[in-house]
Each structure stands twice: as C-alpha cells, then as structure tokens.
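Hi,

Here is the structure I promised to pass on.

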Amino acid sequence: MDIPALIGRQRAFFKEEQTKSLGERLKRLRALRDAVKKHEPALLAAVQKDLHKSEFEAFTTEIGLVYKEISHALSRLRSWAKPKRVRTPLTHWGSKSYIVPEPYGVALIIAPWNYPLQLALVPLVGAIAAGNTVVLKPSELAPHVSSAITAVIADVFEPEWVSVVEGGVETSTALLAEKTDYILFTGSTHVGRIVMTAAAKHLTPVTLELGGKSPCIVSGDADLKLAAKRIAFGKFTNAGQTCVAPDYVYVQSGVKDAFLGHLAAAVKELYGDDPLRNPSYTHLISDRHFARLAAFLRDGRVVIGGQTDASQLAIAPTVLDGVDWSSPVMQDEIFGPVLPVLAYDRIEDVYEAVLARPKPLALYLFSSNRELQQRVIDRLSFGGGCINDTLMHFASSYLPVGGVGESGIGSYHGENTFFTFSHQKSVLRQATWFDIPLRYPTSKAGLAII
Ligand code: NAD
C-alpha cells in the first residue's frame with residue numbers, strides 16, 4: 001500500500017468538508033452500527049480464532065462496547081458538536097464568546113491485539129463523530145479480526161474517509177513517518193514512547209492508552225468472598241490479557257488465607273475444574289506470550305491453577321504466593337492469567353510500594369471502610385479504577401478511560417472520545433457598532449485587557 005498517497009487522498013477529501021457535515025456523520029455512524037450487526041457472526045468467529053474467546057465474552061467485552069459507543073454518540077452528537085457559548089468578561093463588552101469543536105483532519109488510530117475489535121472501533125466512532133478521516137491500523141497479532149474489521153469498514157466508508165491498513169511494525173512505522181493530524185495509540189508503554197517520538201517530529205497531538213502494573217488492594221474489612229469473585233473475574237476475563245486487569249493483589253496479612261480460599265472457590269465457580277478444556281476460557285495470543293507467562297509460574301508457589309497447555313496456548317487461572325518485589329513476575333505488567341498475591345500489615349507500606357513505581361493505569365480497592373476508600377483515592381495516582389469492583393469503570397460511557405504518567409496521556413470513551421478527536425476552537429464575536437477606545441495606545445486611561 002502506498003501510505004503517503006493514501007494520507008494525501010484523505011487530506012484532500014477532508015478539505016471537501018463532507019466529513020464535517022453533521023448529517024453525514026450521523027448517517028455513517030448508523031451505517032457502521034448496521035455493518036457491525038451484519039458482520040457479527042464473522043466478527044465473533046474471528047475473535048474465536050485469534051483468542052479462543054467465547055461468544056459471551058466476545059459480546060460483553062468487544063462487540064457490545066462498540067454498539068454502546070455508537071448509540072451513545074448517535075443520541076448526543078448534535079449537542080456535542082454545537083458551539084458552546086461561554087461567558088465574556090466585562091472588559092470585552094459587546095462581544096460574545098464560543099468554543100467550537102472542530103475535527104483535526106486525518107486521524108491515525110493504532111490498535112493492539114488483546115481486545116482487537118473494540119480497541120480499534122471504539123476510538124473510530126469518536127473520530128468519525130468528530131468529523132475526521134481515519135487511517136486505522138489493527139494489530140497483526142489478531143489477523144482474523146484485522147481482516148474482519150477491513151470488511152466492515154469497506155462496507156461503510158470510501159477509503160478517503162476511513163481506511164484500514166493491515167500490517168505489523170513496519171506498516172506502523174511507515175504510517176507514523178507521515179504527517180497526520182491526530183494519533184490515538186493503544187498498546188505498550190515501550191511502543192507508546194516510539195509513537196510519541198514520531199509524533200513530535202510533526203507536532204501531531206497524541207492520545208496514548210498504555211499499560212502498567214495495576215494494583216488491587218484487599219483490606220481486612222472487605223467482603224472477602226465478593227472481593228475474590230470480582231477479582232477472579234477482573235483478572236481472568238480474556239485470560240488476564242486486559243490493560244486494566246488487576247496485575248497483583250495486596251491483601252492484609254490477617255485475612256490472606258481466608259481470601260485465598262475464597263479465590264480458589266471463585267476460580268472454580270467461574271471456570272470449572274478444568275479451565276483448559278473450558279470453551280468459555282480465553283487462550284493466549286502467541287507462543288512468545290505463552291512462554292513468557294509460563295516462566296512466571298516458577299517465580300513463586302502456585303496455590304491455585306498452574307496447568308498449562310502449550311499446544312493450545314492456554315494457562316489456567318493461576319495464583320502465586322511467596323512472591324516479592326524482586327521476583328521477575330513483579331518487574332513488568334504481567335498481561336496474562338497469573339496473579340501474584342502479596343501481603344501487607346500497614347496500608348502505608350502499600351502506599352509506599354505503589355508510589356515508588358510508575359503510576360498505574362488502574363487501581364482497585366476492596367474495603368468497607370469509607371475513610372480508607374477516600375484515603376486511597378487521595379493518596380495514590382492512577383488512571384482510573386473501582387472501589388469494591390474491577391474493570392467496570394472501563395465499561396461506562398460516562399467515565400473517561402486513560403492513564404496517567406507512564407500509563408498514558410489523554411482519555412476517551414463516550415463524549416471524551418468525541419472531544420479527544422476535536423480541537424476546541426475559541427471564537428470571540430465582536431460587535432462593530434461601537435468601539436471602546438481604552439485598548440488603544442492613544443487612550444489616556446488605558447485598560448488591562450488580559
Ligand atoms: P504493542 O505496543 O506491542 O502493539 C500495539 C500496536 O503497535 C500494534 O498495532 C503494533 O503493530 C504496533 N507496534 C508494535 N511495535 C511497534 C513499533 N516498534 N513501532 C510502531 N508500532 C508498533 O502492544 P500490544 O502487545 O498489542 O498490547 C499490549 C499492551 O497494550 C499492554 O501493555 C496493555 O496494557 C496495553 N493496552 C492498553 C490499553 C489501554 O486502554 N490503556 C488497552 C489495551 C492494551
């Protein structure tokens with residue numbers, strides 16, 4: 001594919017202003033929803049082939065989120081797109097002030113493989129809603145979903161408006177070498193740095209949705225049984241290949257054994273006696289990921305799970321005890337179904353450990369103590385998270401999803417996706433039937449206008 005030519009055609013098409021027409025944007029969003037519906041069986045099959053994801057999980061964590069983002073945008077786009085009247089200071093008497101959202105132009109979206117469908121299409125919805133053209137690069141590690149997405153997009157958009165460019169690192173590098181007007185990248189912190197460096201060359205603004213080690217704190221006063229179930233769900237959905245999955249658990253020492261007992265029961269309840277044979281349990285994406293994760297099983301004492309099947313790229317939901325911060329499993333984001341459980345006596349030690357490391361993408365606290373809940377929110381910096389739950393903040397159209405520090409820059413979901421892909425243009429409309437002389441150097445009185 002001739003990437004410079006494609007971006008050139010999109011730029012020319014953007015200038016024609018069809019993508020800016022509100023009526024056209026709404027029409028295309030409806031058409032996108034209909035195309036996803038039409039291709040639903042193919043999309044579900046593709047997710048199954050790439051990740052062994054069950055229909056239930058593919059619907060609740062992928063396609064369902066795309067429908068939700070589209071219907072949220074369809075019902076609110078008219079209001080988001082309206083110029084917003086704001087106050088005008090007295091010094092500007094006679095004028096009116098507005099903020100006008102305008103599309104950037106050609107947007108580049110680079111997606112990862114772990115939720116290959118929704119992490120490509122949810123940003124796309126906002127980029128289209130805002131009036132941009134889009135070059136979308138799905139992940140080469142989920143090739144079936146990548147080509148299924150290509151088919152959906154080809155049904156709805158001419159390539160000047162939205163093009164899917166399939167390929168791996170070389171393709172991504174070639175896309176980043178061109179000047180685009182906005183980049184939304186979802187992936188690892190390491191590649192996020194590469195993306196930002198490339199964007200800096202063209203001064204292209206970026207949203208970086210990255211990863212990190214997201215802590216999950218279980219206080220002694222928590223409802224342990226419920227905590228264990230919600231943590232098992234948050235960690236082992238998609239076999240732990242979730243950016244906002246709890247990476248590790250910090251449990252108060254006195255309740256550790258009880259918590260582990262509940263966790264074992266929850267894993268059994270959710271995934272059965274033999275998760276490797278459970279059709280509802282997702283597998284890993286590649287041999288490389290399998291080998292990396294299987295090696296972690298030697299880093300501690302396996303207290304739950306531990307079974308592996310290299311031929312299926314599957315590792316059972318596994319919990320490790322006897323791990324500390326020097327263990328290899330505690331160095332980087334795990335991104336798989338291995339959950340180390342650490343113990344703490346004083347919550348201050350947890351604060352210290354979390355604060356000593358890069359700011360996480362997510363943080364979860366299980367506690368019934370309101371004071372502790374508030375203290376954790378105030379004391380620790382993290383992209384987003386839940387009190388007494390896991391993952392669910394990600395699935396709300398009303399909460400911005402994004403990291404902080406090394407876990408990301410910017411956010412999206414719901415109206416945030418629209419505003420992420422919109423420049424906020426300030427406009428002051430001044431009256432001409434009078435002219436206050438105070439601003440001019442000829443004025444004796446003078447006036448500070450700023
Ligand atoms: P990745 O960074 O390896 O790849 C992401 C995308 O970047 C892919 O499309 C890939 O082709 C491209 N890419 C890879 N190397 C590149 C390079 N050198 N130059 C240019 N482009 C390159 O990430 P991944 O393995 O697909 O996804 C896993 C990571 O993504 C985890 O760290 C996870 O936490 C993070 N993630 C974050 C979110 C979020 O919402 N914050 C969501 C999902 C995943």
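**What I found**

Strands β8 (residues 215–218) and β9 run parallel and are joined by four bridges. (Strands are DSSP runs of E with at least two residues, helices are runs of H or I with at least four, and both are numbered from the N terminus; two strands pair if DSSP finds at least two bridges between them.) In that pairing, P215 sits opposite Y248 of β9.

Before going on, two housekeeping points. Residues are numbered from 1 along each chain as its sequence is written. The model is predicted, so local features need pLDDT of at least 70 and side-chain atom pairs count only at pLDDT 80 or more, while totals for chains, interfaces and linings use all residues.

Is β9 mostly covered or mostly open? Strand β9 (residues 248–252) is mostly covered, with five of its five residues buried. Buried means 20 or more other C-beta atoms within 10 Å of a residue's own, exposed means 12 or fewer, and partly exposed is in between, with C-beta atoms placed from the backbone. In a regular strand, side chains alternate between the two faces of the sheet. Here Y248, Y250 and Q252 point one way, V249 and V251 point the other way, and all are buried.

Both strands belong to an open sheet of seven, ordered β10-β13-β14-β9-β8-β15-β16, with mixed pairing. At the edges are β10 (301–304) and β16 (384–387), each pairing on one side only. On average, neighbouring strands here are turned by 25° against each other, direction ignored. Helix α10 (residues 256–271) packs on this sheet and touches β8, β9, β10, β13 and β14. (Contact means C-beta atoms, placed from the backbone, within 7 Å.) The direction of α10 makes about 60° with that of β10. Also in this sheet, β13 (residues 318–321) and β14 (residues 338–344) pair in the parallel sense over three bridges, and V319 stands opposite L339 in β14.

**The three-stranded sheet**

There is also an open sheet in the order β1-β2-β18, with antiparallel pairing. β1 (84–86) and β18 (422–429) are its edges with a single partner strand each, so one side of each has no neighbour in the sheet. Eight bridges join β2 (residues 96–103) to β18, and Y98 has V427 in β18 as its bridge partner.

**Two helix pairs**

How do α3 and α6 cross? The axes of α3 (residues 40–51) and α6 (residues 143–156) come within 7 Å and cross at roughly 160°. That makes α3 roughly antiparallel to α6. (Axes are lines fitted to C-alpha atoms, for helices over the stretch in contact, and angles run from 0 to 180 degrees between N-to-C directions; under 35 degrees is roughly parallel, over 145 roughly antiparallel, 65 to 115 roughly perpendicular and the rest oblique.) Residues meeting there include A42, A46 and V47 in α3 and V145, A148 and A151 in α6.

For α4 (residues 55–81) and α5 (residues 118–129), the axes come within 9 Å and cross at roughly 10°, and the two helices are therefore roughly parallel. Among the residues in this contact are L65, V66 and I70 of α4 and L121, V122 and V125 of α5.

Cheers

Conventions
Two residues are in contact if their C-beta atoms, placed from the backbone, lie within 7 Å.
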